[in-house]
Amino acid sequence: MDFDAHFKSRLETLKAEGNYRVFADLERRCGNFPRADNHKNGARRDVTVWCSNDYLGMGQHPDVVNAMVEAVQSCGTGAGGTRNIGGTNHHHILLEAELADLHGKEAALLFTSGYVSNWAALSTLGSGIPHAVILSDEKNHASMIEGIRHSRADKVVWRHNDWRDLDRKLHAVGDRPKIVAFESVYSMDGDISPIREIVEVCEAHGALSYIDEVHAVGMYGPRGGGVTEREGLADRIDLIEGTLGKAYGCVGGYITGSAALVDFVRSFASGFIFTTALPPAVAAAATASIKHLKASQAERLAQRDRVARLRARLTAEGIPHLENDSHIIPVMIGDPVKCRMISDILMDDWGVYVQPINYPTVPKGTERLRITPGPLHTDADIDHLVTALTSLWRQCALARAVA
C-alpha cells in the first residue's frame, strides 16, 4: 500500500469539504492579553484574540506567573516520572487539596489534561464496576465518549439535557449499577444543563452522578467551583471533573469525589498510572490561580460585563448568535467554507483572531465562530469586532442578493 498517497487523498477530501484545520502561529504577550503576535510569511503583526479558553486571563496573572517561576527555580522543570515512580511532588499534593476544598469533596486526583481525566475516570469506573451501565448525554465531549467506549460497559445515550428521557432510560435499565455522565456548560452551544433535575433523577434511581465542569470551574459560583457550586448542588454530585487549562490559565485535568472513589481511580486507571506527572511548576501555578479566584470576584464580574456588552451589540447589528446563559457566544455561519473564509478575512484584514468551528466538533450545517469575551477586552475591542462582523455580514447579504 502507498501509505502517503492514502494520507494525502484523505487530507484533500477534508480540504475540499472545508473541514481542514489550519493553526494560526500566535505568540501571546504576557501582560498584554488578549493581544498576540501572529507570525505569517516571515512577518509579525498584532492581533486581538477572541477565541481563547483562558477565559479570565489568568494565564498572565502576576500571582500565577510568579508561582510558576518560583517553582521552576526551586524544583526544576519536569516531574521526573509517573506519580508512582519519582513523579509525585509536594506541589501536586497541595494542588489536590486545593481542588478537593474547591468542590467540597474528600479527595482529588490530578491528570495531565481534562481529556485524560474524563477518559481515564470513565473507562475505569465503567470497567471496574461489575455489570455497570453508563448513561451519557448525547452531546457529551469526545473525551467522555472515548472513556465510555474504552470501558466496554454497556452504554445508553439520552437526549441532550432531557432529564425526563434520562429518567425513563434509568428505569428501563433496572437494578444494574448505573453511572450518569453529563456536563454543566456545553462548550459549543454554551447551554447549561438542568443539574438539579438530573441529580434528583440520579438519586431516585441510585445512580452515580458524574459531571464535567471544565467550562465552568473558575467561572461560576462564589469561589469558582462551577455551576454545581452556584446552584448549591456540589455535595449531591458523586464525581466532579474539571480542568486547569481554561479559566485557571494553566494545563491539566482532575477529578474530585469521595476518598474511596478517587483512590479507586488512582489505583486502577491506566491513564493515570502510566503517564508522567504534571511538572511541579504547573501545579504551583494552578494552585495560585485557584486560590486567587476563590477570593476574587473581579475577574468573573468583568467577564460577564464584556459578554453582556458584546451580545447587545451583536443583537443590535443583526449578527446571528445563539442565546444561552453562559460566557460562550456562538456566531452561526452554517457552512464550513464560508466559516473558514470569514475567519481568514477577520485575521488578515481586521486583526481579529477567532477560529472557525467545523465538523466534527459540531454537526455539519452548524458551523460557527465561537467567541469568548474576557475581562481584558476593552470597549474599543468590542466595537472593532462588531464593526468587522457587520461589514462581512453586509458583504455576504449583498453577494446573496446578486446571486
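Trainee: In the hairpin that S2 and S3 form, which residue in the turn has a positive phi?

Mentor: This is a predicted model. S2 and S3 form a hairpin with 2 residues between them. The turn residue with a positive phi, of about 55 degrees, is Asn-41.

Trainee: Over how many bridges do S2 and S3 pair?

Mentor: Take two of the facing pairs. Asn-38 has Arg-45 in S3 as its bridge partner, and Arg-35 stands opposite Thr-48 in S3. S2 (residues 35-40) and S3 (residues 43-49) run antiparallel, and the count is 6 bridges.

Trainee: Which residue takes a positive phi in the hairpin of S1 and S2?

Mentor: S1 (residues 26-28) and S2 pair in the antiparallel sense over 3 bridges. Glu-27 stands opposite Asp-37 in S2. Between the strands lie 6 residues, and the one with a positive phi, near 90 degrees, is Gly-31.

Trainee: Which are the edge strands of the open sheet?

Mentor: The sheet has 4 strands with mixed pairing, in the order S1-S2-S3-S12. An edge strand here pairs on one side only. That gives S1 and S12 (352-353).

Trainee: Turn to Lys-178. What is the nearest side chain of opposite charge, and how far away is it?

Mentor: Lys-178 lies in strand S7 (residues 178-183). Lys-178 is buried yet has no salt bridge. A salt bridge needs a side-chain nitrogen within 4 Å of a carboxyl oxygen. The nearest side chain of opposite charge is Asp-175, at 5.6 Å.

Trainee: Which backbone oxygen does the Lys-178 side chain reach?

Mentor: Leave aside neighbours within four places in sequence, and the contacts of Lys-178 include Val-133, Leu-135, His-205 and Leu-208. The backbone oxygen is another matter. The Lys-178 side chain reaches it at 2.7 Å, and it belongs to Gly-174.

Trainee: In the largest nonpolar core, which residues touch the most other members?

Mentor: This core has 47 residues. Elements giving two or more residues to this core include S7, helix H4 (90-103) and helix H12 (280-295). The residues touching the most other members are Leu-99, Val-180, Phe-182 and Leu-244.

Trainee: Which residues does Leu-99 touch, not counting those up to four places away in sequence?

Mentor: Nonpolar side chains tend to be buried together in soluble globular proteins. Leu-99 belongs to the largest nonpolar core. The residues Leu-99 touches are Ala-108, Leu-110, Leu-244, Tyr-254, Thr-256 and Ile-290.

Trainee: How many residues are in the second core?

Mentor: The second core is separate. Among its members are Val-47, Cys-51, Leu-310 and Tyr-353. The count is 27 residues.

How values were computed:
Residues numbered from 1 in each chain as written. Predicted model: local features only at pLDDT ≥ 70, side-chain atom pairs only at ≥ 80, totals over all residues. Heavy atoms only, no water. Buried < 20%, exposed > 50% of the residue type's maximum accessible area, 1.4 Å probe, protein only. Lys, Arg positive; Asp, Glu negative; His and termini not counted. Polar contact = N/O pair within 3.5 Å; in protein donor to acceptor, adjacent residues only side chain to side chain. Contact = heavy atoms within 4.5 Å. Core = buried A, V, L, I, M, F, W, Y, C linked by side-chain atoms within 4.5 Å. Pairing = 2+ DSSP bridges.
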